[in-house]
Amino acid sequence: MKAPAVLAPGILVLLFTFVQKSNGECKEALVKSRMNVNMQYQLPNFTAETSIQNVVLHKHHIYLGAINYIYVLNDKDLQKVAEYKTGPVLEHPDCFPCQDCSHKANLSGGVWKDNINMALLVDTYYDDQLISCGSVHRGTCQRHVLPPNNTADIESEVHCMYSPQADEETNQCPDCVVSALGTKVLLSEKDRFINFFVGNTINSSYLPDYILHSISVRRLKETQDGFKFLTDQSYIDVLPELRDSYPIKYVHAFESNHFIYFLTVQRETLDAQTFHTRIIRFCSADSGLHSYMEMPLECILTEKRRKRSTKQEVFNILQAAYVSKPGAQLARQIGASLNDDILYGVFAQSKPDSSEPMNRSAVCAFPVKYVNEFFNKIVNKNNVRCLQHFYGPNHEHCFNRTLLRNSSGCEVRNDEYRTEFTTALPRVDLFTGQFNQVLLTSISTFIKGDLTIANLGTSEGRFMQVVVSRSGSLTPHVNFHLDSHPVSPEVIVEHPLNQNGYTLVVTGKKITKIPLNGLGCEHFQSCSQCLSAPSFVQCGWCHDKCVRLEECSSGTWTQETCLPTIYKVFPTSAPLEGGTTLTVCGWDFGFKRNNKFDLKKTRVLLGNESCTLTLTESTTNMLKCTVGPAMNEHFNMSIVISNSRGSVEYSAFSYVDPIITSISPNYGPKTGGTLLTLTGKHLNSGNSRHISIGGKTCTLKSVSHSILECYTPAQSAPTEFSVKLKIDLANREVNSFIYREDPIVYEIHPTKSFIRHVNIALIQR
């Protein structure tokens with residue numbers, strides 16, 4: 001099921017983002033004790049011929065919208081059961097959608113184009129049918145009727161959804177639905193009708209025909225051969241002169257209660273170079289879009305600093321979003337109920353004056369009821385203004401009028417108009433900066449017991465699962481490299497409440513089925529990591545590895561406490577006088593099942609003597625204690641660490657008696673700078689050493705067991721001083737380093753020579 005892999009540099013950055021700070025002293029132990037993020041898993045997957053754009057699930061079949069193809073997979077092992085070819089398509093100015101233009105292949109103006117799937121939806125109101133909209137044929141759609149006895153059949157009955165006669169009469173094209181530059185389509189059933197809510201990115205290339213709209217609502221005809229606008233105000237367009245300079249990217253769309261919402265990334269103002277995220281809201285029954293409002297959203301990381309000051313970072317560019325219910329724990333923390341819709345978003349910081357994201361991400365949760373309350377709070381204040389990118393500054397809606405709105409959103413008068421709020425709704429990063437070196441590109445959530453679990457994807461193709469909580473930053477309990485392509489925002493979560501729940505994750509041409517109950521336990525390399533995993537993963541510690549209960553064939557399986565593991569100890573020796581700070585690197589120090597750090601029952605012994613713990617400097621991966629004195633030298637003593645579960649030994653510590661046997665040279669000039677060598681034994685014991693001559697520091701150059709080197713300090717006059725060495729609490733002294741007058745050079749001979757070398761004699765006193 002799995003195999004080890006080489007740790008890539010990018011993964012190291014991600015890994016160290018999740019490990020706690022320890023001044024670098026036990027970093028190697030930290031890495032060895034943390035989760036193995038290089039596990040490879042054999043998971044059900046399917047690879048298409050081209051990039052996958054959209055995915056929907058219906059009656060045990062998965063439908064994929066890709067470039068030039070629609071695929072049908074079974075939901076068990078993702079095996080392909082059908083495919084339908086949608087492109088390339090010959091486009092010609094004289095060809096209408098639904099027409100066969102192959103006879104114009106040799107005429108000028110004809111171009112073969114790939115058909116990029118821009119929208120893929122399932123409608124069950126009239127018939128079970130798959131509706132696909134592509135980048136060709138003016139952004140029109142096709143419907144594939146799904147037979148009741150074979151929902152994998154997408155080829156037997158296919159209908160083009162286009163009515164050219166209606167377009168000629170109205171000079172509009174309600175059947176032209178999606179933009180090749182980017183689109184989000186939401187299907188909603190209301191009062192026996194099917195409405196399509198569409199957000200399109202458009203630029204000047206769409207100017208000649210005016211057939212695509214920025215925001216629109218259209219109704220599926222009862223004949224199902226196309227769409228119709230209900231009024232001449234069922235759409236809003238960015239002004240033609242602004243379409244290239246003011247692009248709007250539609251990132252996500254959803255429905256909650258009686259409102260439709262779109263999430264966008266766009267410039268802060270018409271003249272601004274900076275970008276931000278907005279949420280758009282209007283009533284689902286408002287065919288004239290009179291209730292249209294938009295407002296900025298901000299995801300903020302707040303860092304506490306000294307003197308109570310704080311630093312705030314805004315993550316301005318939404319990358320992906322997902323709407324679902326919260327688990328009980330998160331609901332309590334954010335003031336929501338179990339039935340509330342929560343908008344989860346992954347945000348990135350953008351490059352300066354750009355919408356291009358950097359590798360800095362944050363995750364924020366917006367209860368939708370709070371979004372609506374915020375709209376209501378600010379609706380009658382001075383931070384409301386006209387949507388100038390739709391109307392222009394001199395439009396009657398924007399000029400010399402008081403901006404008042406009915407905040408309920410749906411009971412609007414015909415003379416009311418769309419508005420924009422300049423005050424942003426802020427939320428705080430749920431993971432307190434944990435992903436500030438990563439570009440997150442995907443999010444979905446599900447509930448296990450009281451917990452809310454997030455599925456996260458990255459730009460490097462990494463997939464993670466992590467508990468969402470505001471009561472402490474938790475690290476992912478699943479973290480592995482899925483693919484070399486970024487994880488797509490298009491995700492599906494299915495059957496989250498049962499043992500067979502899974503998520504479908506898209507990366508480039510590939511789709512993978514990942515279980516929601518985790519991927520086993522063996523990627524946890526330490527007991528504390530193993531027992532910190534969420535309870536639904538069902539991991540426990542067995543002898544020296546993390547496994548599920550049925551996999552523990554030898555030893556005791558526990559989910560409660562951990563036996564400490566010692567990886568490294570330094571220094572490995574201390575002088576007899578003591579005072580040395582001993583650092584023990586390892587893992588599972590002071591760990592309890594409730595994920596709290598507690599050293600009350602942890603002891604460190606050197607032989608039979610206690611090493612006094614420094615609690616303020618100790619962590620789950622590092623213990624610091626102060627060594628006491630000893631009467632005699634002892635070698636290879638046992639270091640014993642014990643807790644409530646048991647004890648472990650590490651034989652690599654010695655009490656030694658540092659000795660200086662000689663120094664060389666024993667004299668030098670009074671200006672100092674002489675490289676002095678001290679020879680002896682155990683000179684590298686303890687933590688620190690200080691050499692002084694005449695009360696001044698001899699600057700250390702090198703340290704080894706038998707040799708210390710230092711540069712002598714300057715003295716004011718020729719004299720003789722003893723050399724003193726201090727190692728922690730131990731003091732050693734050797735006599736007679738003599739300072740002499742500085743040498744004086746009178747003459748250099750010879751004063752010139754050939755290019756090749758020559759011996760030069762210095763004549764000095």
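Analyst: **A buried loop residue and its setting**

Aspartate 728 has a relative accessibility of 10%, so it counts as buried, given that buried means under 20%. This is a predicted model, and the values below are computed from it. Aspartate 728 sits in the loop between E55 and strand E56 (730-740). Its phi is positive, about 55°, although the residue is not a glycine.

Threonine 712 lies between strand E54 (707-711) and strand E55 (720-727). Its relative accessibility is 5%, so threonine 712 counts as buried. What does threonine 712 touch, neighbours within four places in sequence aside? Its contacts are Gly672, Gly673, Thr674, Leu676, Ile693, Cys698, Phe737 and Tyr739.

Aspartate 588 also has a positive phi without being a glycine, here about 70°. Its loop runs between strand E42 (581-587) and strand E43 (603-606). Aspartate 588 has a relative accessible area of 2% and is therefore buried.

Another positive phi occurs in a hairpin. E19 and E20 form that hairpin, with 2 residues between them. Asparagine 257 is in the turn, and its phi is about 55°. Strand E19 spans 249-256, and strand E20 spans 259-267. The two pair in the antiparallel sense over 7 bridges. Histidine 252 stands opposite leucine 263 in E20. E19 is mostly covered, with 6 of its 8 residues buried.

Histidine 252 leads on to the largest pocket. Which residues lie nearest its centre? They are Asn54, Lys184, His252, Pro489 and Glu490. The lining has 50 residues. The pocket volume is about 1,700 Å³. The lining divides into 31 nonpolar, 14 polar and 5 charged residues. Several strands supply at least two lining residues each, among them strand E4 (52-58), strand E10 (117-123), strand E14 (183-190) and E19. E34 gives the largest share, 8 residues.

Beyond its neighbours within four places in sequence, lysine 509 is in contact with Phe46, Thr47, Ala48, Glu49, Thr50, Ser51 and Ile52.

An open sheet of 3 strands has the order E38-E37-E39, and the pairing is antiparallel. Strand E38 (545-547) and strand E39 (557-558) stand at the edges. Each has a single partner strand, so one side of each is left without a neighbour in the sheet. Strand E37 (residues 540-542) runs antiparallel to E38, and 3 bridges join them. Tryptophan 541 stands opposite cysteine 546 in E38.

Two prolines deserve a check of the backbone. The peptide bond from phenylalanine 570 to proline 571 is cis, with omega near -5°. Proline 571 lies in the loop between strand E40 (565-570) and strand E41 (573-575). Histidine 749 and proline 750 are also joined by a cis peptide bond, with omega about -5°. Proline 750 lies in the loop between strand E57 (745-749) and strand E58 (761-764).

Last, the whole chain. How many helices and strands does it have? It has 7 helices and 58 strands. Of its 765 residues, 53% count as buried. Aspartate 728, at 10% relative accessibility, counts among the buried ones. Of the contacts between residues at least 6 apart in sequence, 56% join residues at least 24 apart. The accessible surface comes to about 35,700 Å². Carbon and sulfur atoms account for 48% of that surface.

How values were computed
Residues are numbered from 1 along each chain as its sequence is written. This is a predicted model: local features need pLDDT of at least 70, side-chain atom pairs count only at pLDDT 80 or more; totals for chains, interfaces and linings use all residues. Side-chain values use heavy atoms; hydrogens and water are left out. Helices (H or I, at least four residues) and strands (E, at least two) are DSSP runs, numbered from the N terminus. Buried means under 20% relative accessible area, exposed over 50%, partly exposed in between (1.4 Å probe, protein chains only). Contact means heavy atoms within 4.5 Å. Accessible areas come from the Shrake-Rupley method with a 1.4 Å probe; for residues, only the protein chains shown count as cover. On a 1 Å grid over the protein atoms alone, a cavity is a set of points where a 1.4 Å probe fits but cannot get out, and a pocket is an open set with protein on both sides within 12 Å along at least five of seven lines; lining residues have an atom within 4 Å of a point. Grid points are joined across faces, edges and corners, and a volume is the space filled by probe spheres set on the points. Ala, Val, Leu, Ile, Met, Phe, Trp, Tyr, Cys and Pro count as nonpolar, Asp, Glu, Lys and Arg as charged, and the others, Gly among them, as polar. Two strands pair if DSSP finds at least two bridges between them.
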